[in-house]
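I set down here, in order, what I looked up in this structure.

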2 protein chains.
Amino acid sequence: MDTNDCEILLKEHDIKPTANRNLVLKALDEAARPLSMLELEDEIETIDKSGIFRTLRLFVDHHLVHVIEDGSDAVRYELCHSSHDEIDDDQHAHFFCQVCHKTYCLGEISLPELAVPQGFTATSVNYLIKGVCPHCSKCD
Amino acid sequence: MDTNDCEILLKEHDIKPTANRNLVLKALDEAARPLSMLELEDEIETIDKSGIFRTLRLFVDHHLVHVIEDGSDAVRYELCHSSHDEIDDDQHAHFFCQVCHKTYCLGEISLPELAVPQGFTATSVNYLIKGVCPHCSKCD
DNA sequence: CTTTCGCTTGCAACTCGGTTGCAAAATGTT
DNA sequence: AACATTTTGCAACCGAGTTGCAAGCGAAAG
């Protein structure tokens, strides 16, 4: 994704493109996996922590990225692939490697529809598997 | 669960019973739902934050309670109902209410077995549903 | 072209859950 | 009783996230 693609995508989500926003978007796109704020911080040394934070919040508000919670006491952010501005329906499982602390997106696993008990209203579902990733299994 | 029951349960998990540990265990038992450290803190005003923390860590290490992560940037603890000292196989979904910020245990929903992709090794699964609980739905 | 207004940014300070060092208190052992 | 071990409370710390504020920047108005 070059700078021009970034700007187009940003505009599609009603976000005014800026240099920083292009950088964050590009970083998220190039990492094939969800990134934490910290990972973004040292991917893009030129932007302050608070800048990254505000950019991510903006992206989330505009349904450009969504938030996933692996158990790593650091929320991660991932580009939203569902059609823009719709409610985020990218429901898929994630895998957190307990060795390298990376989070993978298990797109191929579709989530079974679960019926919640009477009276509960579900708005989002989070399926997280923890374990060891292929790379860390090899070099144990 | 009276004090005596607590001590028996603690001993079954190779934990030396103390006054504080009985209190924490009783509080976890009486709350029918998973509690955060903060919730325990103001349930039991007599114990310091650090004491609760260390007690919980001890309980987790001895498979007496297990940890669940709702998305509420505060981990929650719940009594483990699987047979003692086994690997924690209390796999069940939880429900986090976005209004009252309480977490419910959806015991009745059984988790579908998911096959992880080639090369990944799964050690634990976390299924979290967010939405609005029956009580908060009523008083909206 | 310059002024003005509003958005964006970096810095520093702060919040809050969780964690640890340490000394005092409690408990257990000889 | 004297000593060793464990548990506890306090205060200080940590790290991710968050916010206030002033400076920077760019677009619109004069």
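**Entry 1: conventions.** I note that this is a predicted model, in which local features need pLDDT of at least 70, side-chain atom pairs count only at pLDDT 80 or more, and totals for chains, interfaces and linings use all residues. Residues are numbered from 1 along each chain as its sequence is written, chains are lettered from A and ligands numbered from 1 in the order in which they are written, and side-chain values use heavy atoms, with hydrogens and water left out.

**Entry 2: chain A.** I looked up the secondary structure of chain A and found five helices and six strands. Helices (H or I, at least four residues) and strands (E, at least two) are DSSP runs, numbered from the N terminus. Along the sequence, the order in chain A is α-α-β-α-α-β-β-β-β-β-α. Chain A has 140 residues, and 39% of them are buried; buried means under 20% relative accessible area, exposed over 50% and partly exposed in between (1.4 Å probe, protein chains only). I then turned to contacts, meaning heavy atoms within 4.5 Å. Of the contacts in chain A with a separation of 6 or more, 49% join residues 24 or more positions apart. The accessible surface of chain A is about 7600 Å², and carbon and sulfur atoms hold 50% of that surface. Such areas come from the Shrake-Rupley method with a 1.4 Å probe; for residues, only the protein chains shown count as cover.

**Entry 3: the two copies.** By what turn can chain A be laid on chain B? I found a turn of 180° with a shift of 0.0 Å along the axis, giving an RMSD of 0.0 Å. The two copies are therefore related as by a two-fold rotation axis. Within chain A, Tyr127(A) has the C-alpha nearest the axis, at 2.4 Å. Both copies use the same surface, since 100% of the contact residues of chain A recur in chain B. The superposition is by least squares on the C-alpha atoms of residues with pLDDT of at least 70 in both copies.

**Entry 4: Lys130(B).** I located Lys130(B) in strand 6 (residues 121-132) of chain B. Is Lys130(B) buried or exposed? Its relative accessible area is 13%, so Lys130(B) counts as buried. The side chain of Lys130(B) makes a polar contact with the side chain of Glu69(A) at 3.2 Å. A polar contact is a pair of N or O atoms within 3.5 Å; within protein, one must be able to donate a hydrogen and the other to accept it, and residues adjacent in sequence count only if both atoms are side-chain atoms. Leaving aside neighbours within four places in sequence, the contacts of Lys130(B) include Thr121(A), Ser124(A), Gly71(B) and Phe95(B).

**Entry 5: Ile68(A).** I found Ile68(A) in strand 2 (residues 65-68) of chain A. Ile68(A) is buried, with a relative accessible area of 5%. Beyond neighbours within four places in sequence, Ile68(A) is in contact with Pro34(A), Val75(A), Arg76(A), Glu78(A), His94(A) and Thr103(A). Ile68(A) and Asn126(A) are 58 residues apart in sequence, with their C-alpha atoms 7.8 Å apart.

**Entry 6: DNA strand C.** I counted a residue as near a strand if one of its heavy atoms lies within 4 Å of it. Around DNA strand C there are 18 residues, and Thr18(A), Arg21(A), Arg54(A), Lys49(B) and Phe53(B) come nearest. Helix 4 of chain B gives the most to this surface, with five residues. The surface near DNA strand C has five nonpolar, five polar and eight charged residues. Here Ala, Val, Leu, Ile, Met, Phe, Trp, Tyr, Cys and Pro count as nonpolar, Asp, Glu, Lys and Arg as charged, and the others, Gly among them, as polar. A polar side-chain atom of Arg57(B) is 2.9 Å from a phosphate oxygen of DNA strand C. A polar backbone atom of Val75(B) is 3.0 Å from a phosphate oxygen of DNA strand C.

**Entry 7: DNA strand D.** I found 19 residues around DNA strand D, with Lys49(A), Phe53(A), Thr18(B), Arg21(B) and Arg54(B) the closest. Helix 4 of chain A gives the most to the surface near DNA strand D, with five residues. In the side chain of Ser50(B), an N or O atom lies 3.1 Å from a base nitrogen of DNA strand D.
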